[in-house]
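Dear colleague,

Please find below the structure that I am handing over to you. My notes on what was found in it follow directly after.

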Amino acid sequence: MADLTLTTFDWVPEMPRGFVRDLRVRWALEEVALPYRVASVPFGDRGPAHLAHQPFGQVPWLTDGDLSIFETGAILLHLGELSEALMPVDPRGRSETIKWVFAALNSVEMASLPWAMSKFMGHADDTPAWKFVDEFLKLRLKHMEAVLAEREWLAGSFSIADILMADVLRPVNRFDGLANHPACRAYLARATARPAFAKAHADQMAHFAAADKARGT
């Protein structure tokens, strides 16, 4: 097994802590106990070295030997190839997992991200723009509610698809956006009750708390 290094920011403000997307990768790595180390790049100075790995100046990225992979979907698909615990090897299970990975990122997060960002930023909720965003999310959640009412996990057994879908739903739940979707809430509770999630979340929060201490804040 090549050396796995997860790179994230050295520090972020309080608001996004617990939601920075390196959490998805930490979670996957903890699920299968793959050894890895965490490296940091400056939050405030995203220079050429950063852009060489992540061309949009974001985090995370994962290096595996001489491979450098950005975008959490791509990273988790790579990790899924390393462990059957993250993605089944049989063609049907693999296909189910991959399609729900893309559904989480393209169908659900497309709706959830602008909704959650508006909530984080405290935008007015009585504008036509907000109404559009809110109704778009509710439509996506209506469909997910029907899916999750009939299954424990998206692709049969727990997989990278569940890591992504659960993390996409977490910011919505933070602002009570799942209040009328009990199957979505129960699914999220199952996912985030897993010890690997708890460890990944605690490690991310500790990472940024240590940065506060180093900055003297």
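I begin with the buried residues of α8, which pack against β1 (4-9), α1, β2 (37-41), α6 (160-174) and α7 (182-192). Contact here means heavy atoms within 4.5 Å. Helices (H or I, at least four residues) and strands (E, at least two) are DSSP runs, numbered from the N terminus. Buried means under 20% relative accessible area, exposed over 50%, and partly exposed in between, with a 1.4 Å probe and protein chains only.

This is a predicted model, in which local features need pLDDT of at least 70 and side-chain atom pairs count only at pLDDT 80 or more, while totals for chains, interfaces and linings use all residues. Residues are numbered from 1 along each chain as its sequence is written, and side-chain values use heavy atoms, with hydrogens and water left out.

Helix α8

The buried residues of α8 are Ala196, Phe197, Ala200, Gln204, His207, Phe208, Ala211 and Asp212. Seen down the helix axis, they fall within an arc of 165 degrees, so they line one face of α8; the arc is that of the directions from the helix axis to the C-beta atoms. Pro195 and Lys213, on the other side of α8, are exposed. The helix has 21 residues and reaches 30 Å from its first C-alpha to its last, close to the 30 Å expected at 1.5 Å a residue. That expected span is 1.5 Å times one less than the number of residues. Glycine 216 follows α8 and has a positive phi, near 75 degrees.

Helix α5

α5 also has 21 residues and a reach of 30 Å from its first C-alpha to its last, close to the expected 30 Å. Its buried residues are Trp130, Val133, Asp134, Leu137, Leu141, Met144, Glu145, Val147 and Leu148. These cover an arc of only 145 degrees around the axis, which puts them on the same side of α5. What covers them includes α4, α6 and α7. The face turned away from the buried side carries the exposed residues Pro128, Lys131, Phe132 and Lys142.

Aromatic pairs and charges over rings

The structure holds eleven aromatic pairs. Rings of Phe, Tyr and Trp (its six-membered ring) pair if their centres lie within 6.5 Å; planes under 30 degrees apart count as stacked, over 60 as edge-to-face and the rest as tilted. The rings of tryptophan 27 and phenylalanine 197 have centres 5.0 Å apart and planes at 65 degrees, so this pair is edge-to-face. Because tryptophan 27 lies in helix α1 (residues 22-31) and phenylalanine 197 in helix α8 (residues 195-215), the pair ties together parts that are 170 residues apart in sequence. Tryptophan 27 counts as buried at 0% relative accessibility, and phenylalanine 197 counts as buried at 8%.

Tryptophan 115 and tryptophan 130 form a tilted pair, 5.8 Å centre to centre with 35 degrees between the planes. Tryptophan 115 lies in helix α4 (residues 91-121) and tryptophan 130 in helix α5 (residues 128-148), so the pair ties together parts that are 15 residues apart in sequence.

Ring pairs also link Trp27, Trp153, Phe158, Tyr187 and Phe197 into a cluster. The charged end of arginine 190 sits over the ring of tryptophan 153, 5.6 Å from its centre. Arginine 215 lies over the face of tryptophan 11, at 3.8 Å from the ring centre. A charge sits over a ring if NZ of Lys or CZ of Arg is within 6 Å of the ring centre and within 35 degrees of the ring normal.

With kind regards
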